[in-house]
Amino acid sequence: MGRRGFTLIGIKIDGGLGNQMWQYAYGRALSLKLGTDLKLDFRNYFPGKRKFSLHYYDIHAGFLTDEDKYGLRVVKQDKGVPSMEQPFCEDNIYLVGNWQNPHYLMGAETYIRDELQLKVYLRDDSQRWLQKIKEATNSVSVHIRRGDYFNEKWVGTYVELVPSYYYKSITELQKRYDDIELFIFSNDIDWCRSNMNFGVPYHYVDCNDEDHGFEDMHLMSQCRHHIIANSTFSWWGAWLGQNAAKCVIAPDKYFVRDDGYFQAYNKEWLPKDWIKLEI
C-alpha cells in the first residue's frame with residue numbers, strides 16, 4: 001500500500017512481448033507517481049496463444065485476483081482522444097489498452113530500464129550471437145517485421161517498410177560511423193535472404209523462435225546502434241539499449257492512416273532524440 005488514499009493500480013496484459021512491456025511500463029510509471037501497488041491481469045494467456053513473457057524480467061508487480069479487481073474503476077484507452085500526457089492520475093483503476101507513448105514513462109525511465117533487463121540465462125546459440133555482437137566495433141540491430149503485418153486483416157493498417165528504408169538507414173549510419181556490422185532480426189528470414197542486399201557486413205540472427213523472442217530482444221538491446229521497424233518489439237530492443245551514445249533510426253510513421261489517434265501516434269511514438277526517416 002502506498003501513501004494514504006492510494007491503494008492499487010491494476011492493468012490488463014495482452015498481446016506480444018512489446019505490448020506487454022508497454023502495458024507494464026505505463027502501469028509501473030503510474031504506480032511510482034502515485035505511490036501505490038501495481039498488479040497485473042494476464043489471465044487471458046493460455047496454451048496456443050501468445051506467451052506471457054514478463055516473468056523473464058525483474059518486474060515489480062503482483063498478480064491481480066478477482067478480489068483485487070472488484071471495485072476498481074475500469075478505464076479503457078480511447079483511441080479517438082489520445083493524450084500526450086499521462087491520461088490518468090488516480091488510484092483504484094483497472095487499465096485496459098496499450099499505452100504506447102514515451103511521454104507516459106517520464107520520471108520512471110531508470111526504474112523501467114532496470115526492471116526490464118533480462119534476468120534469465122540465454123541459451124547457447126544466443127550466447128554465441130551475443131559474443132559476436134560484443135566483438136563488433138559498431139554493431140547495429142536491424143529489425144525487419146513481416147509475418148502478421150502482411151495478413152489480410154492488417155493490409156492498409158501498418159506502413160510497409162520496403163528495402164529502400166533500410167538502405168537509407170544504413171547510409172545514415174555510415175555518415176556517422178565506420179565499420180558498421182548489421183545483425184538482422186526478422187520473423188521472415190527467408191524473405192530477407194531473397195530480397196535484401198545490405199552492402200555492408202551483416203548476419204542473420206536466426207536461432208530463436210517466437211517463444212524465445214525475449215532472447216532476440218535482449219540481443220537487439222546489446223547492439224550499439226539500431227534500425228527499427230514500426231514495431232513495439234524493436235522499439236523496446238532499442239530503448240533498452242545501454243549504450244549512452246546509441247543512434248536509433250526509425251520510420252517517421254507507424255500507421256498508414258494519418259488522422260485522429262493515428263496522426264497523434266505517428267507524431268509521438270518515438271523519443272525526440274531518435275532519427276526519423278521519411279517514408
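1. The model is predicted: local features need pLDDT of at least 70, side-chain atom pairs count only at pLDDT 80 or more, and totals for chains, interfaces and linings use all residues. Residues are numbered from 1 along each chain as its sequence is written, and side-chain values use heavy atoms, with hydrogens and water left out.

2. Confidence is expressed as pLDDT, the predictor's own estimate for each residue on a scale from 0 to 100. The chain has a mean pLDDT of 89, and 90% of its residues reach 70 or more. In residues 1-6 the pLDDT is below 50, and this stretch has 13 contacts in the model beyond near neighbours in sequence; a contact requires heavy atoms within 4.5 Å. Residues 80-85 also stay under 50, with 9 contacts beyond four places in sequence. Where pLDDT is low, the predicted coordinates should not be read in detail.

3. The chain comprises 9 helices and 11 strands. These elements are DSSP runs numbered from the N terminus (helices H or I, at least four residues; strands E, at least two). Among contacts between residues at least 6 apart in sequence, 69% join residues at least 24 apart.

4. An open sheet is formed by 5 strands in the order 3-2-1-5-4, with parallel pairing. Its edges are strand 3 (62-63) and strand 4 (73-76), each of which pairs on one side only. Pairing requires that DSSP find at least two bridges between two strands. Strand 4 is joined to strand 5 (residues 93-96) in the parallel sense over 4 bridges; Lys76 has Val96 in strand 5 as its bridge partner.

5. Leu38 belongs to strand 2 (residues 37-41). Is this residue buried or exposed? Leu38 counts as buried because its relative accessibility is 6%. Beyond its neighbours within four places in sequence, Leu38 is in contact with residues including Ile9, Ile11, Tyr24, His60 and Ala61. The C-alpha atoms of Leu38 and Phe63 lie 8.6 Å apart, with a separation of 25 residues in sequence.

6. Trp99, in the loop between strand 5 and helix 3, has phi near 55°. Trp99 counts as buried, since its relative accessibility is 1%. Asp179 has a positive phi of about 55° and lies in the loop between helix 5 (163-174) and strand 7 (180-186). Asp179 is exposed, with a relative accessible area of 60%.

7. The second largest pocket has a volume of about 370 Å³. On a 1 Å grid over the protein atoms alone, a pocket is an open set of points with protein on both sides within 12 Å along at least five of seven lines, and lining residues have an atom within 4 Å of a point. Grid points are joined across faces, edges and corners, and the volume is the space filled by probe spheres set on them. Of the 18 lining residues, Glu109, Arg113, Trp239, Pro271 and Asp273 are the closest to the centre of this pocket. Helix 3 (residues 109-115) supplies the largest share of the lining, 4 residues.

8. By class, the lining of the second largest pocket has 7 nonpolar, 4 polar and 7 charged residues. Ala, Val, Leu, Ile, Met, Phe, Trp, Tyr, Cys and Pro count as nonpolar, Asp, Glu, Lys and Arg as charged, and the others, Gly among them, as polar.

Note on methods:
On a 1 Å grid over the protein atoms alone, a cavity is a set of points where a 1.4 Å probe fits but cannot get out, and a pocket is an open set with protein on both sides within 12 Å along at least five of seven lines; lining residues have an atom within 4 Å of a point. Buried means under 20% relative accessible area, exposed over 50%, partly exposed in between (1.4 Å probe, protein chains only).
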